[in-house]
Amino acid sequence: MHFFMMKNQVVVITGASSGIGYSTALHLSKLKMKIAIGARRTKKLENLKKKMIENGSDVIYKELDVSKKQSCNSFIDHIITKWKRIDILINNAGIMPLSFIKNLKFEEWDRMIDVNLKGTLYCTGFTIPHMIKQKSGHIINISSVAGKIVFPAGSVYCATKHAINALSEGLRQELSRYSIRITSIEPGVVKTELTNTITDNSLQNFIENSKKMIALKAEDIANAILFVIQNPKHVNINELLIRPISQKL
C-alpha cells in the first residue's frame, strides 16, 4: 500500500499519551490519516493533537481507561460517530510493574491483567463488528519479547504478553475470512516510561542496568508499525519481534 492510499484511513491508538503510542501517533500523522488517540492523561493528548494537526492529520482525542469496558465502548463509539469506520486499531496501552511473585503484589497483578489483557480485549471487541461490516481492517497488538520468553520478576507481565500473542493468533484464524489483518508486534527493551511503574525495591539493579543499555527508541517501533500497515491488503505480517542489538534475552 502506497502512502497516498493511506490518506484518510481511520486509525485508533490506545495509550497514546507517551512512549510508543505517542510516537506512533506523531509518525502516522505525517501521512494525513484520520487518527483517534486515547489515554487517561488528556492534557498530554491535547498537546499531542496540536502537533499532529500541524502535520496535516484530522485528529480527535478522548479520555480512555482501557481497564474499564464502558470507557472502551464510549471511545470506539465516539470514533464511529465521527468517521463512520475504523481501518486500523493499535492496541498499545500497557503497564509493566515487574515484581517477584513471593512479594505478593496482588493489586499490581490485577492491574496488569486489566490493562494489558482485558484492555486489548475490550477495544478489540468493540471494534470487530465495524471491521466485519466493512470486510476490512487491521488490528495491531503491541505485545513484547516477554510474550516469547519468561524471566525472573516478570512472571505476571510475561503471562499477559503470552496471552496477547495467543489472542492475536486466535483473531487471525477467526477474522481472516473478513479480510481483517492481525499483527502482534513484540518489542524488546524500549526507552519509555514503562519501568516507572515498578515498585519492587529488589529490582533497582534491573532498572539501572536497563537504563545503561542502548535501548530501542519509541520511534523504532513506530517505524515498524508503518512498515506493517503499508503492505498490500493480501499481505498479513502476523508477528514482528524487534530487539535492540545489545539485548541478550
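**Exercise 1.** Find which residues Lys 105 touches, not counting residues up to four places away in sequence, and decide whether Lys 105 is buried, partly exposed or exposed.

*Solution.* Leaving out residues up to four places away in sequence, Lys 105 touches Ser 99, Thr 199 and Asp 200, where contact means heavy atoms within 4.5 Å. The model is predicted, so that local features need pLDDT of at least 70 and side-chain atom pairs count only at pLDDT 80 or more, while totals for chains, interfaces and linings use all residues. Residues are numbered from 1 along each chain as its sequence is written, and side-chain values use heavy atoms, with hydrogens and water left out. Next, take Asp 200, which is 95 residues from Lys 105 in sequence but 8.6 Å from it in space, C-alpha to C-alpha. Lastly, Lys 105 is partly exposed because its relative accessible area is 24%, and the class between buried (under 20%) and exposed (over 50%), found with a 1.4 Å probe on protein chains only, is called partly exposed.

**Exercise 2.** Work out how many residues of strand S6 are buried, and which strands pair with S6.

*Solution.* Helices (H or I, at least four residues) and strands (E, at least two) are DSSP runs, numbered from the N terminus. In S6, eight of its eight residues are buried. Pairing requires that DSSP finds at least two bridges between two strands. Strand S5 (residues 137-142) is joined to S6 by six bridges and runs parallel to it, with Asn 141 opposite Ser 184. Strand S7 (residues 239-242) also runs parallel to S6, through four bridges, and here Pro 187 stands opposite Ile 242.
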